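Welcome, and thanks for taking a look. Here is a friendly tour of some helix packing and of a ligand site.

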Amino acid sequence: MNIGFLGLGNMGGPMARNLLKAGHHVTVFDLSAAAVSGLVEAGAKEATSPGAVASADVEAIITMLPAAAHVKQVYLGDGGLLANVPSGVLLIDSSTIDPMSAREVAEAAAKNGNPMLDAPVSGGTIGAAAGTLTFMVGGSEADFQKAQPILAAMGKNIVHCGDTGNGQVAKVANNMLLGISMIGVAEAMSLGVALGMDAKVLAGIINSSSGRCWASEINNPFPGVLENGPASRGYSGGFGTDLMLKDLGLASEAAKQVRQPVILGGLAQQLYQVFSMQGHGGLDFSAIIKLYRQED
Ligand code: NAD
């Protein structure tokens, strides 16, 4: 297939490469010339603007941009995608943005005659490189079926979450829970160790008891519990605190719009905010345990 791809950063770069590896023809655009030339070396065709991608005889366009403001600019702005794309071309936005913005852009696309899906991902940069991302997809069943072979080149788990915007709903709900549960694990681990328990033994108990969760088992925040986890390498790599902060901001913004309380989500957001303000925004979010422990 001929596919357009905009946003070739930490996630979009490897995703576009996987489309090339799967045999698709890919036309790319990014504001960063270095990001574009990396993809051109891998076999992609360069476009000089979003409008040029839209006019490049593509059957589908994927965007992987930092935030809603970039998505709106690229789709709705002067010289953007919607002003140039022929009707019928399938549009897929994989950026993580708030559900309302996703619905607003999809509505404009529909008026233009373009089907659009929101398809945010989980799996991080490792999943993007390995082609094992999870896609949470919002939109019609028919459009989901059309997108599946494209998304399958970049992900392993492709889930239809319902109507437009529901991919983003799934993403913010999951990541809010993740942010909260990491703080819970950090608090419980710190309490147990402060009361004299060995961290590995305590983690073993939690992970075979009712406190078990991804944050306790796969990404335990206490140093030394998991040999290969971010906590055992100075919290480098992994999922950055500032990215978690962004997702918690999306959750609280979306919650406000439907007057739904997110009490623990709001508290978690403030704790990560404090941690980021202290200069730790680049550390894996499990480093939030530093708020509970003096020695680190
Ligand atoms: P990034 O900052 O590495 O990449 C974004 C890219 O978009 C950059 O190359 C930038 O130049 C480009 N860009 C910005 N504005 C543009 C425009 N107007 N036109 C064309 N290109 C433009 O970000 P990332 O880590 O790749 O994340 C992308 C999205 O994926 C974000 O919404 C993020 O929340 C989400 N996400 C990231 C991760 C992760 O682990 N990094 C995991 C899941 C989801």
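## Before we start

Axes here are lines fitted to C-alpha atoms, for helices over the stretch in contact, and the angles run from 0 to 180 degrees between N-to-C directions. Two packed helices are described by the angle between their axes and the distance between the axes. Please keep in mind that this is a predicted model.

## Helix 9 against helix 10

Let us begin with helix 9 and helix 10 (residues 199-207), whose axes come within 10 Å and cross at roughly 130 degrees. That angle makes helix 9 oblique to helix 10. As for handedness, the two form a right-handed crossing.

On the helix 9 side, the contact is made by Ala188, Met189, Gly192 and Val193, while helix 10 brings Ala199, Leu202, Ala203 and Ile206. Sorted by class, this contact of helix 9 with helix 10 holds seven nonpolar residues, one polar residue and no charged ones.

## Helix 9 against helix 13

Helix 9 (residues 166-194) also packs with helix 13 (residues 263-280): their axes come within 9 Å and cross at roughly 65 degrees. Helix 9 and helix 13 are therefore roughly perpendicular to each other. Here the crossing is left-handed.

Which residues meet at this crossing? From helix 9 come Met176, Gly179, Ile180, Met182 and Ile183, and they meet Leu264, Gly265, Ala268, Leu271 and Tyr272 in helix 13. The class count for the contact of helix 9 with helix 13 is eight nonpolar, two polar and no charged residues.

## Helix 12 against helix 13

Helix 13 has another partner in helix 12 (residues 241-257), and the two pack at about 150 degrees with axes 9 Å apart. Their crossing is left-handed.

Helix 12 contributes Thr241, Asp242, Met244, Leu245, Leu248, Gly249 and Ser252. Facing them in helix 13 are Gly265, Ala268, Gln269, Tyr272, Gln273, Phe275, Ser276 and His280. The contact of helix 12 with helix 13 divides into six nonpolar, eight polar and one charged.

## Around the ligand

Several backbone atoms sit by ligand oxygen atoms. For Met11, a backbone N or O atom lies 2.8 Å from an oxygen atom of the ligand. A polar backbone atom of Leu65 is 2.9 Å from a ligand oxygen atom. Thr96 places a backbone N or O atom 3.0 Å from an oxygen atom of the ligand.

Definitions and conventions: Residues are numbered from 1 along each chain as its sequence is written. This is a predicted model: local features need pLDDT of at least 70, side-chain atom pairs count only at pLDDT 80 or more; totals for chains, interfaces and linings use all residues. Side-chain values use heavy atoms; hydrogens and water are left out. Helices (H or I, at least four residues) and strands (E, at least two) are DSSP runs, numbered from the N terminus. Angles under 35 degrees count as roughly parallel, over 145 as roughly antiparallel, 65 to 115 as roughly perpendicular and the rest as oblique. A crossing is left-handed if the near helix is turned anticlockwise from the far one by less than a right angle, and right-handed if clockwise. Contact means heavy atoms within 4.5 Å. Ala, Val, Leu, Ile, Met, Phe, Trp, Tyr, Cys and Pro count as nonpolar, Asp, Glu, Lys and Arg as charged, and the others, Gly among them, as polar. A polar contact is a pair of N or O atoms within 3.5 Å; within protein, one must be able to donate a hydrogen and the other to accept it, and residues adjacent in sequence count only if both atoms are side-chain atoms.
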